[in-house]
Structure formats: C-alpha cells, structure tokens
Amino acid sequence: MMKTTYSVELEANAYMDDLFNGTLEECREYIANNYTAEEIAEENVRIAKILVDEDGCVAECLDIIEA
C-alpha cells in the first residue's frame, strides 16, 4: 500500500537524504525550529511531497514545496 508523506531536504546533499519526514505542517514546524530565514535560503531547504511504499522506501516525488 502506497502512502503520501512529506520530507525536509537540503541541496547540500543533493536532496538525497531526508532530514525529517511527517505531515506538511510537521515539516514546516521542523524547519521553523531548526533554521533561520537566512539558513533556509543558503541551504536551499525544501519540502518534498513523496510517495512511499509499504517498506517506507520512496517510490516517487510528487511535488516540491519551497520552505
């Protein structure tokens, strides 16, 4: 069964590693609690809407949301 979730990612690691996964609001809260506006711009922080399979592996990136 596929599930949609959200992931906080950085350009510094080529957006390959998820820093935090959760709902869109949880991801926004994570960013607000861990990054300043300058760091968000400098690190190119973004939120990806992703589709994960039953094993928790990313199957597809559905959308990119700017932090």
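Helices here are DSSP runs of at least four residues, numbered from the N terminus. With that in hand, let's walk through this predicted model.

**Stop 1: the helix**

Start by selecting residues 24-34, which make up helix H1, and pick out Arg-28 within that helix. Is Arg-28 buried, exposed or partly exposed? Arg-28 has a relative accessible area of 39%, so this residue counts as partly exposed. Show its neighbours next: leaving aside residues up to four places away in sequence, Arg-28 touches Ile-47 and Ile-65. Arg-28 and Ala-67 are 39 residues apart along the chain, and their C-alpha atoms are separated by 7.1 Å.

**Stop 2: the sheet**

Switch to a cartoon view and look for the strands. In what order do the four strands of the open sheet come? The order is E2-E1-E3-E4, with antiparallel pairing. At the edges you will find strand E2 (20-22) and strand E4 (58-66), each of which pairs on one side only. From one strand to the next, the twist averages 30°.

Then colour strand E1 (residues 3-9) and strand E3 to see how they meet. The two run antiparallel and are joined by seven bridges. To view one bridge pair, select Thr-5 together with Ile-50, its partner in E3.

**Stop 3: Glu-9**

Stay on strand E1 and select Glu-9, which lies in that strand. How does Glu-9 count, buried or exposed? Its relative accessible area is 5%, so Glu-9 is buried; the cut-off for that class is under 20%. Display side chains here, and you can find a polar contact of 3.5 Å between the side chains of Glu-9 and Ser-7. Beyond four places in sequence, the residues that Glu-9 touches include Tyr-15, Asp-17, Asp-18 and Asn-44, and also Arg-46.

**Stop 4: Arg-46**

That last contact leads to the final stop. Arg-46 belongs to strand E3, which spans residues 46-52. Why does Arg-46 count as buried? Its relative accessibility is 18%, so Arg-46 falls in the buried class, for which the limit is under 20%.

Which residues does Arg-46 touch, not counting those up to four places away in sequence? Select Ser-7, Val-8, Glu-9, Tyr-15, Ile-64, Ile-65 and Ala-67 to see them.

Conventions. Residues are numbered from 1 along each chain as its sequence is written. This is a predicted model: local features need pLDDT of at least 70, side-chain atom pairs count only at pLDDT 80 or more; totals for chains, interfaces and linings use all residues. Side-chain values use heavy atoms; hydrogens and water are left out. Buried means under 20% relative accessible area, exposed over 50%, partly exposed in between (1.4 Å probe, protein chains only). Contact means heavy atoms within 4.5 Å. Two strands pair if DSSP finds at least two bridges between them. Axes are lines fitted to C-alpha atoms, for helices over the stretch in contact, and angles run from 0 to 180 degrees between N-to-C directions. A polar contact is a pair of N or O atoms within 3.5 Å; within protein, one must be able to donate a hydrogen and the other to accept it, and residues adjacent in sequence count only if both atoms are side-chain atoms.
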